[in-house]
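Visitor: I am new to this structure and would be grateful for a close look at a single part of it. Please show me the model first.

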Amino acid sequence: MKYKYPKKITIGNTKFKINYNYKEDGAEFQYPSHNKKAYIMFGMACHKKSPEQFLSLIIHELKEIIQIEQSTRLWRRGTDEYEFHYTHVEHADLCNRLSNALVKFIR
């Protein structure tokens, strides 16, 4: 599979700058806050050895952002973790939005 590496992506009304860090693994995102711009960072240290890991990172981050937009990602204070709760209609919407976003990364 061949990838594209967009420099930005819009999800909902938020434009995220995309950073590719070739020295780290993992991924993270941030919404705009306190004069900081929105971004998504993808760690690319294992990108050449494990290209499917990059796809997994893309799916994970985009799915989580979409679920924030849907208000289906919730913070559970007692366990200090995120939980995801949604209906089948929201799942269908998530799949549609995710496929539209994934196209920007796949050749």
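Visitor: Leaving aside its neighbours within four places in sequence, which residues is threonine 14 in contact with?

Guide: The model is a predicted one. Leaving aside neighbours within four places in sequence, threonine 14 is in contact with Ile9, Tyr31, Pro32, Ala38 and Glu69. Threonine 14 itself has its place in strand β2. Its relative accessible area is 12%, and it is buried because that value is under the 20% limit.

Ile9 is among the residues with the most contacts inside the largest nonpolar core, together with Ile40, Phe42, Phe54, Leu62 and Phe105. This core has 23 residues. The elements that give two or more residues to the core are β1 (8–11), β2 (14–21), β4 (39–43), α1 (51–69) and α2 (88–102). The largest share, seven residues, comes from α1.

Apart from neighbours within four places in sequence, phenylalanine 42 is in contact with Ile18, Asn19, Tyr20, Asn21, Gly26, Ala27, Phe54, Leu57, Ile58, Glu61 and Phe105. Histidine 47 is found in the loop between β4 and α1, and at 12% relative accessibility it counts as buried. The side chains of histidine 47 and tyrosine 5 are joined by a polar contact of 2.9 Å.

Charged pairs complete the picture. Side chains of opposite charge can pair when their charged atoms come close. In the whole structure, a search finds three salt bridges. One of them joins the side chains of glutamate 64 and arginine 73, at 2.6 Å from N to O. Glutamate 64 counts as buried at 10% relative accessibility, and arginine 73 counts as buried at 19%. Another salt bridge links arginine 76 with glutamate 83, where the closest N and O atoms are 2.5 Å apart. Here arginine 76 is partly exposed at 44% relative accessibility, and glutamate 83 is partly exposed at 22%. A further salt bridge, 3.0 Å from N to O, is formed by the side chains of arginine 97 and aspartate 93. Both residues lie in helix α2, four residues apart, about one turn of the helix.

On the surface, Trp75, Tyr82, Phe84 and Tyr86 form a nonpolar patch with about 400 Å² of accessible area together. Phenylalanine 84 is found in strand β6 (residues 81–84) and is partly exposed, with a relative accessible area of 36%.

How values were computed: Residues numbered from 1 in each chain as written. Predicted model: local features only at pLDDT ≥ 70, side-chain atom pairs only at ≥ 80, totals over all residues. Heavy atoms only, no water. Patch = residues over 30% accessible without salt bridge, like charges linked within 9 Å, V, L, I, M, F, W, Y side chains within 5 Å. Areas by Shrake-Rupley, 256 points an atom, 1.4 Å probe, with all protein chains shown as cover. Salt bridge = Lys/Arg side-chain N within 4 Å of Asp/Glu carboxyl O. Buried < 20%, exposed > 50% of the residue type's maximum accessible area, 1.4 Å probe, protein only. Core = buried A, V, L, I, M, F, W, Y, C linked by side-chain atoms within 4.5 Å. Contact = heavy atoms within 4.5 Å. Polar contact = N/O pair within 3.5 Å; in protein donor to acceptor, adjacent residues only side chain to side chain.
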